[in-house]
Amino acid sequence: MATVTYDKATRVYPGSETPAVDQLDIQIEDGEFLVLVGPSGCGKSTSLRMLAGLEDVNGGSIHIGDRDVTHLPPKDRDIAMVFQNYALYPHMTVAQNMGFALKIAGVNKTDIRTKVEEAAKILDLTEYLDRKPKALSGGQRQRVAMGRAIVREPQVFLMDEPLSNLDAKLRVQTRTQIAGLQRRLGVTTVYVTHDQVEAMTMGDRVAVLKDGLLQQIDSPRNMYDKPANLFVAGFIGSPAMNLVEVPITDGGVKFGNSVVPVERGALTEAQNKGDSNVVVGCRPEHFAVVREGGSEAALAKADENAAAGLAVTVNVVEETGADAYVYGTAEIGGEVKDLVIRVDSRDVPEKGSKLRVEPKPGETHVFATGSGERLSD
Ligand SMILES: Nc1ncnc2c1ncn2[C@@H]1O[C@H](COP(=O)(O)OP(=O)(O)OP(=O)(O)O)[C@@H](O)[C@H]1O
C-alpha cells in the first residue's frame with residue numbers, strides 16, 4: 001500500500017498543441033479509492049496510463065509512496081491494472097490466468113496455487129478455476145481480471161472502466177463488490193469512469209477532469225453539495241442541476257415573480273466584479289412546487305402564492321418508480337429555459353399543465369456568469 005502523488009504531471013501527445021493532461025496535481029492517500037471522472041476526451045485514461053507507465057510524462061512528476069516513478073518502466077512500479085476488456089488469455093484456465101504474473105515473476109508453484117485459491121475464494125471463483133474464459137459469463141470474466149490484480153498484492157490498483165462491458169444490473173452489483181473488496185484489501189486504487197453515478201457511489205474521493213484540467217477533487221458529498229464551478233455543477237447529478245442566469249436584485253435574485261434570497265456574500269462578490277447577473281443553480285429535488293389544478297390543499301396554496309415563483313409548463317413527466325421528474329419550460333428574463341423538477345411520484349401533474357416553482361430556502365448555488373466559479377459558500 002502507498003500514497004500516490006501527481007505533481008504538475010503533464011502529457012502532451014506528439015503532434016498535439018494542447019496537453020491531454022495539464023499540470024495535474026493530486027495527492028491520493030494510502031488505501032484511498034480515488035475515481036477520475038469526466039466526459040470523453042477529458043484526459044482520465046491518459047492520467048491513469050501515466051501512473052501505469054504506459055504513457056510518457058512530459059512535465060512534472062509522479063510518486064508512489066516516496067518513490068519517484070515518473071520514468072520507471074511499468075513492471076517496476078508495483079501496480080496492477082484492470083482493463084476495460086479484461087485482457088484474459090483465452091487458451092489459459094482461470095487459475096492460469098490469475099497466476100500468470102506470479103509465474104513470470106518466478107514465484108514457486110505452491111505459493112502461486114495458495115494465492116490463486118485465496119483470491120478465488122474472495123471473488124467467488126473457486127468452482128471456475130479450471131474453466132477457460134470463453135466458458136464464463138461477463139461478470140465472472142471481470143472477477144478473473146480482478147483476481148489477477150489481487151494475487152500480485154500490488155501497492156496500487158489501477159482500473160480503467162472495468163465495468164463497461166457488463167449489463168446495467170450486473171454493473172450495479174459489481175460496483176458494490178469492487179468497492180467492498182477494495183475497502184477490505186485496503187489497497188490504494190485509482191479508478192477511471194465516465195459514469196458519474198459510478199464515481200459518486202464508489203469513490204472515497206472523486207476528481208473531475210475537463211479538457212485535461214482538474215476541476216475539483218472532493219468527497220462525493222461535497223462534490224454534490226458544493227460544486228466548485230458550473231462545469232462540475234452540470235456534470236455531477238442526474239438529472240442535472242438546473243442552471244439559470246438571473247439578475248441580482250435587492251435581497252436576492254429575481255426568479256420569475258419572486259425574489260429568491262441567496263447568500264449576500266456571493267452577490268456582493270459578483271457585484272464587485274461588475275456583474276449585474278449571476279447563474280443560480282438548483283437541483284431538481286430542491287424546488288418547492290405548487291401545482292395549479294391539483295388537490296384542494298395545493299389549490300389553496302396556489303392561490304396564496306398566485307403571483308409567487310416561476311410558472312413552468314409541463315412538457316414530459318418521467319416516472320422512475322420511486323421518483324417522478326417533470327421536464328418543463330419557463331420564461332426567465334425573456335428567454336424560454338428548460339427545467340427539470342422532481343415531484344411527488346404519487347401526485348404527478350398532467351402534460352401541458354402548469355406548476356409554480358421556487359427554489360427551497362438555502363438550496364441554491366450561485367456562480368459567476370463569466371468564469372463560472374462558485375460564489376456561494
Ligand atoms: N495516443 C494518442 N495520440 C494522440 N492523442 C491522444 C492519444 N490518446 C489520447 N489522445 C487525446 O488526448 C485527449 C485525452 O484522451 P483520453 O483517452 O485520456 O481521454 P478520456 O477522458 O479517457 O476519454 P474516454 O472516456 O473517451 O476514454 C483526447 O483529446 C484524445 O484525443
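## Ligand shell and helix packing

The ligand is surrounded by Tyr13, Ser16, Ala20, Gly38, Ser40, Gly41, Cys42, Gly43, Lys44, Ser45, Thr46 and His194, where a residue is near a molecule if its C-beta atom, placed from the backbone, lies within 6 Å of it. This is a predicted model: local features need pLDDT of at least 70, side-chain atom pairs count only at pLDDT 80 or more, and totals for chains, interfaces and linings use all residues. Residues are numbered from 1 along each chain as its sequence is written.

**Confidence**

- The chain has an average pLDDT of 91, pLDDT being the predictor's confidence in each residue, from 0 to 100.
- A pLDDT of at least 70 is reached by 95% of the residues.
- For the model, ipTM is 0.97 and pTM is 0.91.

**Around the ligand**

- By class, the shell around the ligand has three nonpolar residues, eight polar and one charged.
- Here Ala, Val, Leu, Ile, Met, Phe, Trp, Tyr, Cys and Pro count as nonpolar, Asp, Glu, Lys and Arg as charged, and the others, Gly among them, as polar.

**Helix α4 with helix α5**

- Helix α4 covers residues 138-151 and helix α5 residues 168-185; helices (H or I, at least four residues) and strands (E, at least two) are DSSP runs, numbered from the N terminus.
- Their axes come within 11 Å and cross at roughly 15°; axes are lines fitted to C-alpha atoms, for helices over the stretch in contact, and angles run from 0 to 180 degrees between N-to-C directions.
- α4 and α5 are therefore roughly parallel to each other (angles under 35 degrees count as roughly parallel, over 145 as roughly antiparallel, 65 to 115 as roughly perpendicular and the rest as oblique).
- The crossing of α4 and α5 is right-handed; a crossing is left-handed if the near helix is turned anticlockwise from the far one by less than a right angle, and right-handed if clockwise.
- From α4, Gly138, Gly139, Gln142, Met146 and Ile150 meet Leu170, Thr174, Ile178 and Leu185 of α5, with contact meaning that the C-beta atoms of two residues, placed from the backbone, lie within 7 Å.
- The contact of α4 with α5 has five nonpolar, four polar and no charged residues.

- The axes of α2 (residues 94-104) and α3 (residues 109-122) come within 9 Å and cross at roughly 130°, so α2 and α3 are oblique to each other.
- In that contact, Ala95, Met98, Gly99, Leu102 and Lys103 of α2 meet Ile112, Lys115, Val116 and Ala119 of α3.
- The residues of the contact of α2 with α3 comprise six nonpolar, one polar and two charged.
- α2 also packs with α4 at an angle of about 30°, with axes 8 Å apart, so α2 and α4 are roughly parallel to each other.
- α2 contributes Val94, Asn97, Met98, Gly99, Ala101 and Leu102 to this contact, and α4 contributes Val144, Gly147, Arg148 and Val151.
- The contact of α2 with α4 divides into six nonpolar, three polar and one charged residues.

**Backbone details to check in the viewer**

- Ser238 and Pro239 are joined by a cis peptide bond, with omega about -5°; Pro239 lies in the loop between α8 (230-235) and β11 (242-249).
- Glu153 is a residue other than glycine with a positive phi, near 45°, and lies in the loop between α4 and β7 (156-160).
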